[in-house]
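Here's a protein to pick apart by asking how we know what we say about it. Have a look first, then the questions start.

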Amino acid sequence: MIVTGAGGQLGQALVEAFPGARALTRAEWDVTHPAPAGLEADLVLHTAAWTDVDGAEDDPQGAAAVNVGGVQHAAALGVPLVVWSSDYVFDGAKRTPYVESDAASPLGAYGRTKLHGEAAAGEQAWVVRSSWLFGWTSKNFVRTMLRLGAERDEVAVVDDQRGCPTYVGHLAEATKDVLGLPYGVYHVAAQGDCSWADFAEAIFEEAGLATRVRRISTAEFGARAPRPAYSVLRSEKGAPELPHWREGLRECLRRLGAGEGAPA
Ligand SMILES: NC(=O)c1ccc[n+]([C@@H]2O[C@H](COP(=O)([O-])OP(=O)(O)OC[C@H]3O[C@@H](n4cnc5c(N)ncnc54)[C@H](OP(=O)(O)O)[C@@H]3O)[C@@H](O)[C@H]2O)c1
């Protein structure tokens, strides 16, 4: 078993959840190129991805080289494959949870590359769509908020996008159950949903920080890439259910040494 993108936040969680897996970081396999000669595997957990949503608007071809080309190269190994896709394949126009049969219609370059990457995975693949990932490593919202919260009294956070913040530890564990399902697309995201501002408030509360959250609009924040206003994911196909996002947050903070019950 191989984990690609093993330096990333989900990659690291998978390496822990699947102790026998061979971890390949970008240095060991840059997935924009075919697999290194002689690489053998019976299963590929393919997490390597271009995840810079705003950067994909500036360099859509670079993003596609990783998110589409990389999946093609993983699929070319000819063994079963798990690829992770994103809630950003949806446009966010719904106000009830997105299920697997809903039509994808990405708003931005990142979402388009992820959707094309799904198609590139081929027939022998589980495509796991998840959302708003956070964990104890890499660049993610929880780590950014902890840094900002330690520096400032108030942080402005977007309040008009709603999704399911998903802890990579829970997603990695659930991957074991996904492997028991037929190949296909599955929605696997944390229970519950919230806005980024709600999430930030919960982070500060759980971490014991007094930082205030100023709720702002997407327009006020002014990110380069458009993002869905609503991207809650649920499964209509019996995908594994994850714990609530707040439980994931607590686990992540404990791991970071920032939450209640963390070592002093
Ligand atoms: N993050 C989210 O909120 C989110 C939400 C839904 C779905 N997903 C999907 O979940 C999967 C895992 O995401 P993540 O949050 O774990 O991302 P991440 O922390 O950014 O990790 C991605 C990893 O891929 C590596 N990578 C980038 N380009 C590569 C290349 N050409 N060859 C090999 N490795 C390369 C990165 O290495 P460097 O650090 O060297 O760039 C990084 O280690 C991705 O498919 C992502 O699209 C993410």
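Buried means under 20% relative accessible area, exposed means over 50%, and partly exposed is in between, using a 1.4 Å probe and protein chains only. Helices (H or I, at least four residues) and strands (E, at least two) are DSSP runs, numbered from the N terminus. This is a predicted model, where local features need pLDDT of at least 70, side-chain atom pairs count only at pLDDT 80 or more, and totals for chains, interfaces and linings use all residues. Residues are numbered from 1 along each chain as its sequence is written, and side-chain values use heavy atoms, with hydrogens and water left out.

Q: What makes helix 6 (residues 168–178) largely enclosed?
A: Of its 11 residues, 8 are buried, so helix 6 is largely enclosed by the rest of the structure. The buried ones are Val-168, Gly-169, His-170, Leu-171, Ala-172, Ala-174, Thr-175 and Val-178.

Q: Why is Leu-249 called buried?
A: Its relative accessible area is 0%, and the cut-off is under 20%, so Leu-249 counts as buried. You'll find Leu-249 in helix 9 (residues 245–256). Leu-249 and Ala-202 sit 47 residues apart in sequence and 8.4 Å apart in space, C-alpha to C-alpha.

Q: What makes strand 5 (residues 125–130) largely enclosed?
A: 6 of its 6 residues are buried, so strand 5 is largely enclosed by the rest of the structure. Both faces are covered: Ala-125, Val-127 and Arg-129 are buried on one side, with Trp-126, Val-128 and Ser-130 buried on the other.

Q: How do you know that strand 4 (residues 81–86) pairs with strand 5?
A: Pairing takes at least two bridges found by DSSP between two strands. Strands 4 and 5 are joined by 6 bridges and run parallel, with Ser-85 opposite Arg-129 of strand 5. From strand 4 the chain crosses through helix 4 (residues 109–120) to strand 5, a right-handed β-α-β crossover (right-handed: with the strands pointing away from the viewer, the path from the first strand over the helix to the second runs clockwise).

Q: How do you know that strand 5 and strand 10 (residues 184–187) pair?
A: They share 4 bridges, in the parallel sense, against the required at least two. Val-127 has Val-185 as its bridge partner in strand 10.

Q: Why is His-187 called buried, and what polar atoms does its side chain meet?
A: The relative accessible area of His-187 is 2%, so it is buried. His-187 lies in strand 10. A polar atom of its side chain lies 3.0 Å from the backbone oxygen of Tyr-98, and one lies 3.2 Å from the backbone oxygen of Arg-234.

Definitions and conventions:
Polar contact = N/O pair within 3.5 Å; in protein donor to acceptor, adjacent residues only side chain to side chain.
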